[in-house]
Amino acid sequence: MEETILFRRGWDPEREFFLTREDISHLKALRIYSEKKLLRVLNGIGSEWIYEVESNTNRGILKETKTHSKLDGISGIATAIPKGNRLEWLLQKGTELGLTHFYFLNFEQSDRKDFSLERARKITEEAAAQSKRIFLPEVLSPVSLKDFLKTPRDKVHSYYLMDPRGELKLEPEYFRNSIWIIGPEGGFREKETDLLKEKDVLGVRAGDSILRIETAGIFAASLFRYFTC
């Protein structure tokens with residue numbers, strides 16, 4: 001039987017499992033709604049419940065429970081919000097590549113500041129299900145660069161700034177438990193540059209060309225995947 005992943009944040013296995021209208025539409029698109037199937041229901045933080053669902057029905061029978069251990073380590077980006085549907089593209093591809101954290105920042109010269117956390121999390125759920133990720137990435141609401149740099153670093157080893165004028169060259173160790181900061185397409189204001197220096201955020205050069213926000217984010221995600229696999 002086909003196994004398909006569905007995410008249910010905060011799922012309580014004591015409740016009966018029923019497919020939502022959205023789930024049914026998704027299974028119909030996969031052409032498996034009319035078949036008997038096993039559904040992997042994940043809460044995104046390590047718990048998994050496998051339900052058997054008969055053809056053309058919306059009720060599941062619990063068959064198995066699993067617990068997955070999460071690997072330590074952070075692979076994150078802290079970025080300005082891309083314009084238009086480029087935000088969705090960044091969330092999709094970043095999730096598929098294995099980013100663990102998406103931080104979004106409002107810079108003084110940010111072109112876009114509107115943001116729906118609910119929509120962003122939904123996009124990561126869909127991308128994680130498609131790529132068969134067990135753990136969902138964390139997506140956080142936008143804050144200023146100053147407030148972001150105030151947050152405790154916890155397990156984060158370092159912050160790095162993707163900077164075409166950076167003095168450092170790319171090194172594998174920069175992608176171990178780190179967060180990469182990506183600025184707005186309009187560039188940083190002097191106060192923001194001074195703040196980055198004050199917090200000892202190192203600028204790393206990633207080629208001579210200027211990358212769009214989402215391109216820089218996917219570039220960082222690809223290097224995280226390459227150096228940590």
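Two strands are taken to pair if DSSP finds at least two bridges between them, and helices (H or I, at least four residues) and strands (E, at least two) are DSSP runs, numbered from the N terminus. The views show a predicted model, in which local features need pLDDT of at least 70 and side-chain atom pairs count only at pLDDT 80 or more, whereas totals for chains, interfaces and linings use all residues. Residues are numbered from 1 along each chain as its sequence is written, and side-chain values use heavy atoms, with hydrogens and water left out.

**View 1**

**View 1. Helix 2 and its buried face.**
Helix 2 (residues 86–97) has 12 residues and reaches 16 Å from its first C-alpha to its last, close to the 16 Å expected at 1.5 Å a residue, where the expected span is 1.5 Å times one less than the number of residues. Arg86, Leu87, Leu90, Leu91, Gly94 and Thr95 are buried in this helix, and seen down the axis of helix 2 its buried residues fall within an arc of 165 degrees, so they line one face of the helix. Here buried means under 20% relative accessible area, exposed over 50%, and partly exposed in between (1.4 Å probe, protein chains only), and the arc is that of the directions from the helix axis to the C-beta atoms. The cover over these buried residues includes strand 6 (75–80), strand 7 (101–106), helix 3 (117–131) and helix 6 (213–228). Just after helix 2, glycine 98 takes a positive phi of about 105 degrees.

**View 2. The surroundings of threonine 79.**
Threonine 79 is found in strand 6 and, at 0% relative accessibility, counts as buried. Leaving aside residues up to four places away in sequence, threonine 79 touches Leu90, Tyr103, Phe104, Leu105, Phe107, Ile182 and Ile213.

Strand 1 and strand 3 pair in the parallel sense over five bridges, and the bridge partner of phenylalanine 7 in strand 3 is leucine 42.

The buried residues of helix 1 are Asp23, Ile24 and Leu27; they cover an arc of only 100 degrees around the axis, which puts them on the same side of helix 1. These buried residues pack against strand 1, strand 2 and strand 3, whereas the face of helix 1 turned away from its buried side carries the exposed residues Arg21, Lys28 and Ala29. Just after helix 1, arginine 31 takes a positive phi of about 65 degrees.

**View 3. Two loop residues with positive phi.**
Most residues other than glycine have a negative phi. Lysine 132, in the loop between helix 3 and strand 8, has a phi near 60 degrees, a positive value in a residue other than glycine, and is partly exposed, with a relative accessible area of 49%. Asparagine 177, in the loop between strand 10 and strand 11 (178–182), has a positive phi of about 55 degrees although it is not a glycine, and is partly exposed, with a relative accessible area of 30%.

How values were computed. Contact means heavy atoms within 4.5 Å.
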